[in-house]
Amino acid sequence: MKDRLQELQSEALGKVQQAEDLKALQDVRIAYLGKKGPITEVLRGMGKLSKEERPVIGQLANEVRETISEAIQTKQNKLEEEALEKQLEEESIDVTLPGRPVQIGGPHLLTSIIEEIEDLFIGMGFEIKEGPEVETDYYNFEALNLPKGHPARDMQDSFYITEELLLRTHTSPVQARTMKQKDGHEPVRMICPGKVYRRDTDDATHSHQFTQVEGLVVDENIKMSDLKGVLNAFAKQMFGSERDIRLRPSFFPFTEPSVEMDISCKVCGGDGCSVCKGTGWIEILGAGMVHPNVLEMAGYDPNVYSGFAFGMGPERIAMLKYGVDDIRHFYTNDIRFLKQYHKA
Ligand code: 2NL
């Protein structure tokens, strides 16, 4: 029986040695130390032994059991360690590899132009105002001296939502709202940038949605020369101090008198070329003295208050400043176009 136990021990230790994974090791444990295993069997057969042999064999059986158990435990630790080592090896990250470059975005050219315009007017004491893009017929047309039936408010040119609501066709309603808020007493010095909408077919010079920046000054004693001084300062800062401006008579329903402002052509310096179509001048905005009807509807007494207003298209300003030849470039989001205007 002693020999049998020793034989079992060396057999089991050999199998432990050979076990290549935890599953094989578990099989060895069950085979030798399990309830139906050979050692349990030996212990069960002890009854047949003599009194002298019993404690000797009993102790030996327990020692064999202990030895096998320890060997299994040692092997198990080793296998687990190896498995962890392997996993760490496979999942390791080389922190010294160079990183992938991150794509850095930047403001859209139109956003940059609008912010530049805003900064110039903030520098002259103007405040920035915004308003709704879905407007009432009243603020978009009526309050701007465009009564129902006026030819310049052609239904075919506007996106109407209901009889009384439409997508604003200019940012002027923001100014009409601001004047109304000031209750006909306080002076106004504001610009309002934003999106506007017209029912045009998109082409190189038209877009059904575009942007506008309008400005308004209302106070006592505001004169045409104030308009000219402010717009001259704007043009020189925006396009360069060497550029000249001129005002030409024009017509808008909300201003009287109305003008259009040109800047001298940079390409030919005024001699005439293809950019300025031979005139030496390029049109950049419309303006005028606020029509007395508009002041009155907003609650200002036109005998006490006067004002000037202007409106410009940031797309046009950007096209002139950077030589962009198609307004659709601003809206088709070709990253190769947009990226050219990201500052380093
Ligand atoms: C243009 C011309 C203009 C105005 C806009 C305005 C607003 C109020 C009162 C009077 Cl509340 N006028 N706005 C005046 C003259 C011209 O825009 O060519 N824009 C692109």
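1. Gly311 places a backbone N or O atom 3.2 Å from a nitrogen atom of the ligand. Such a polar contact is a pair of N or O atoms within 3.5 Å; within protein, one must be able to donate a hydrogen and the other to accept it, and residues adjacent in sequence count only if both atoms are side-chain atoms. On its own the ligand exposes 490 Å², of which the protein buries 88%. Accessible areas follow the Shrake-Rupley method with a 1.4 Å probe, and for residues only the protein chains shown count as cover.

2. Basis of the note. This is a predicted model, in which local features need pLDDT of at least 70, side-chain atom pairs count only at pLDDT 80 or more, and totals for chains, interfaces and linings use all residues. Residues are numbered from 1 along each chain as its sequence is written, and side-chain values use heavy atoms, with hydrogens and water left out.

3. Ligand, side-chain contacts. Glu214 has a polar side-chain atom 2.7 Å from a nitrogen atom of the ligand. The side chain of Gln212 has an N or O atom 3.5 Å from a nitrogen atom of the ligand.

4. Ligand shell. The ligand is surrounded by 15 residues, the closest being Gln175, Glu214, Gly286, Ala309 and Gly311; a residue is near a molecule or strand if one of its heavy atoms lies within 4 Å of it. Strand 9 contributes the most to this shell, with four residues. Helices (H or I, at least four residues) and strands (E, at least two) are DSSP runs, numbered from the N terminus. By class the shell has eight nonpolar, six polar and one charged residues. Here Ala, Val, Leu, Ile, Met, Phe, Trp, Tyr, Cys and Pro count as nonpolar, Asp, Glu, Lys and Arg as charged, and the others, Gly among them, as polar.

5. Seven strands form an open sheet with mixed pairing, in the order 1-4-5-9-8-7-6. Strand 1 (127-128) and strand 6 are the edge strands, each pairing on one side only. Two strands pair if DSSP finds at least two bridges between them. Strand 4 and strand 5 are antiparallel and share ten bridges; Val188 has Val218 in strand 5 as its bridge partner.

6. Hairpin. Strand 6 (residues 245-252) and strand 7 (residues 255-264) run antiparallel, joined by seven bridges. The two strands form a hairpin with two residues between them. Arg246 has Asp262 in strand 7 as its bridge partner.

7. Backbone geometry to check. The peptide bond from Glu256 to Pro257 is cis, with omega near -5°, and Pro257 is in strand 7. Asn145, a residue other than glycine, has a positive phi, near 70°. Asn145 is in the loop between helix 6 and strand 3 (165-167).

8. Cavity. The whole structure has one cavity of 30 Å³ or more, and the largest cavity holds about 30 Å³ of space. On a 1 Å grid over the protein atoms alone, a cavity is a set of points where a 1.4 Å probe fits but cannot get out, and a pocket is an open set with protein on both sides within 12 Å along at least five of seven lines; lining residues have an atom within 4 Å of a point. Grid points are joined across faces, edges and corners, and a volume is the space filled by probe spheres set on the points. Tyr138, Tyr139, Ala143, Ala176, Lys180, Val294, Met297 and Ala298 line the largest cavity. By class this lining has seven nonpolar, no polar and one charged residues.

9. Second largest pocket. The volume of the second largest pocket is about 220 Å³. Its lining has 14 residues, with Ile114, Glu133, Gly194, Lys195 and Thr211 nearest the centre. Helix 5 (109-122) and strand 4 (188-197) each give at least two residues to this lining. The lining divides into five nonpolar, five polar and four charged residues.
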